[in-house]
Amino acid sequence: MKLNEFIKIVERVIPLEWALENDPVGLQIGDGNREIQRVALAMETSAKLLQKVTAKKADLLFVHHPLLFRPLKRILENDPVQRLARELIRRDIALYAAHTNLDLHPQGMAKIWALKLGCKSAKPLLARPQADQLKIVTFIPPGHVDHVREALAKAGAGRIGEYDLCSFNLEGVGTFRGSEHTNPFLGQAGVFEQEQEIRLEMILPTKRQNAVVNALYASHPYEEPAYDLYPLQSGRDIQQAVWLAEFEKKITWQELEKRVDKSLPLSPTFVNVRPDPQRKIKTLAISTGSGSSLIPLASSLGGDAYLTGEVGYHQLWEAEERGLNVMTVGHGSSESLFPETVHALLQKHVDGIDWELM
């Protein structure tokens, strides 16, 4: 399978557009036209990991934390980021990152973590994140609607989750009068016309705007198809990284620590804030990675505790003052389910790929 074909599948399952602003997700190093057979999944790039990936003869290193957060002005040996980039290129290993677009995924690490903890239910606080989107509206003679809809769908419109060809159709009457220089599909030049038309509406990612408009002109029977493009409000918010989970029955803080320790591939480093160590836990707010900015939100949920990767000193003080029981396990430990999560998401969509969970 070519790398570009693999990436197309990845970005349908874990859309780039779900990432928060300025997060450099996607292909960072590599040739999209090369053939790949073995993919290594790991939390982040390191010299030690690169040795293992090379030994496994992987063609692609798929990581959670992007290596290239800032543009490189040079590639030298004495800088760790530049050195790793140089080594990846030299060894012909491609690098791909799925970061906050995976953090906000409705089947992401927080959900898997909650299930491994033995929670009976887990749900994100906000609905599924969306890409920056537009809605295209156009007006078509009744017998041509299916053809235009399919053309727009092939160009990237009308996809909602696992559904495609999604549209809304409404009957109406369109009016027009062409000049003597026109050759109208319906009616005559110079004559005021009223024709039955179907209003067709479809959503599309903003990045597909040009492709969809070009497809509209290529498929529409009119010389000058009328259309509107409406910007839609973005559906991405860091709050979508918080999940609320519930145990079947209340458990003690000590029992939670045991379950957390057992649930993670990378042993946790516990840091706790427990204003009320006697409070048993049934509802649990969960976020992976850095949870500092989410302390006020977690506190407002009315749960029994907040489980996350890392929280700064002042945020832990704030949590204690709010009476919020917090457990942190270390940033890396909280995201050590990344290989398992990505493998579960992608394996059913990709054939002919060997996976290495690092």
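A patch, as the word is used here, is made of residues with over 30% relative accessible area and no salt bridge, and nonpolar side chains are joined into one within 5 Å. In this predicted model, Leu72, Ile75 and Ile89 make a nonpolar surface patch of about 260 Å². The protein has 358 residues, and 45% of them are buried. Its secondary structure consists of 12 helices and 15 strands.

**Overall dimensions and surface**

- The C-alpha trace spans about 80 × 50 × 35 Å along the principal axes of the protein.
- The accessible surface of the protein is about 18,500 Å², and carbon and sulfur atoms contribute 48% of that area.
- Among contacts with a separation of 6 or more, 73% are between residues 24 or more positions apart.

**The nonpolar patch**

- Ile75, one of the residues that make the patch, sits in the loop between β3 (60–63) and α3 (80–90).
- The relative accessible area of Ile75 is 45%, so this residue is partly exposed.

**Packing of α5 and α12**

- Helix α5 (residues 109–116) and helix α12 (residues 338–346) have axes that come within 9 Å and cross at roughly 105°.
- The two helices, α5 and α12, are therefore roughly perpendicular to each other, since angles of 65 to 115 degrees count as such.
- On the α5 side the meeting residues are Met109, Ile112 and Lys116, and on the α12 side they are Phe338, Glu340 and Thr341.

**Positive phi angles**

- Most residues other than glycine have a negative phi.
- Asp92, which is not a glycine, has a positive phi of about 60°.
- Asp92 belongs to the loop between α3 and β4 (94–97), and its relative accessibility of 48% makes it partly exposed.
- Leu165 also has a positive phi, near 55°, and is a residue other than glycine.
- The loop between α6 (145–154) and β7 (168–176) holds Leu165, which is partly exposed at 40% relative accessibility.

**Salt bridges**

- Side chains of opposite charge can pair when their charged atoms come close.
- The count of salt bridges comes to 19.
- Asp92 and Arg34 form a salt bridge in which the closest N and O atoms are 3.5 Å apart.
- Because Asp92 is in the loop between α3 and β4 and Arg34 is in the loop between β1 (26–29) and β2 (38–42), this pair ties together parts that are 58 residues apart in sequence.
- Glu77 pairs with Arg86 in a salt bridge, with 3.2 Å between the closest N and O atoms.
- Glu77 is partly exposed at 43% relative accessibility, and Arg86 is partly exposed with a relative accessible area of 36%.
- A network of salt bridges links Glu77, Arg86, Glu87, Arg90 and Arg91.
- Lys282 and Glu246 meet through their side chains in a salt bridge of 3.8 Å, N to O.
- Lys282 is partly exposed at 26% relative accessibility, and Glu246 is partly exposed at 25%.

- Leu297 is part of helix α9 (residues 295–300).
- With a relative accessibility of 19%, Leu297 counts as buried, because the cut-off for buried residues is under 20%.
- Not counting residues up to four places away in sequence, Leu297 touches Leu125, Gln239 and Val242.
- Leu297 and Leu134 are separated by 163 residues in sequence and by 30 Å in space, C-alpha to C-alpha.
- Ser292 is located in the loop between β12 (281–286) and α9.
- Ser292 is buried as well, at 16% relative accessibility.
- Apart from neighbours within four places in sequence, Ser292 is in contact with Glu310, Val311, Gly312 and Gln315.

Notes
Residues are numbered from 1 along each chain as its sequence is written. This is a predicted model: local features need pLDDT of at least 70, side-chain atom pairs count only at pLDDT 80 or more; totals for chains, interfaces and linings use all residues. Side-chain values use heavy atoms; hydrogens and water are left out. Patches are made of residues with over 30% relative accessible area and no salt bridge: like charges are joined within 9 Å, nonpolar side chains (Val, Leu, Ile, Met, Phe, Trp, Tyr) within 5 Å. Accessible areas come from the Shrake-Rupley method with a 1.4 Å probe; for residues, only the protein chains shown count as cover. A salt bridge is a side-chain nitrogen of Lys or Arg within 4 Å of a carboxyl oxygen of Asp or Glu. Helices (H or I, at least four residues) and strands (E, at least two) are DSSP runs, numbered from the N terminus. Buried means under 20% relative accessible area, exposed over 50%, partly exposed in between (1.4 Å probe, protein chains only). Axes are lines fitted to C-alpha atoms, for helices over the stretch in contact, and angles run from 0 to 180 degrees between N-to-C directions. Angles under 35 degrees count as roughly parallel, over 145 as roughly antiparallel, 65 to 115 as roughly perpendicular and the rest as oblique. Contact means heavy atoms within 4.5 Å.
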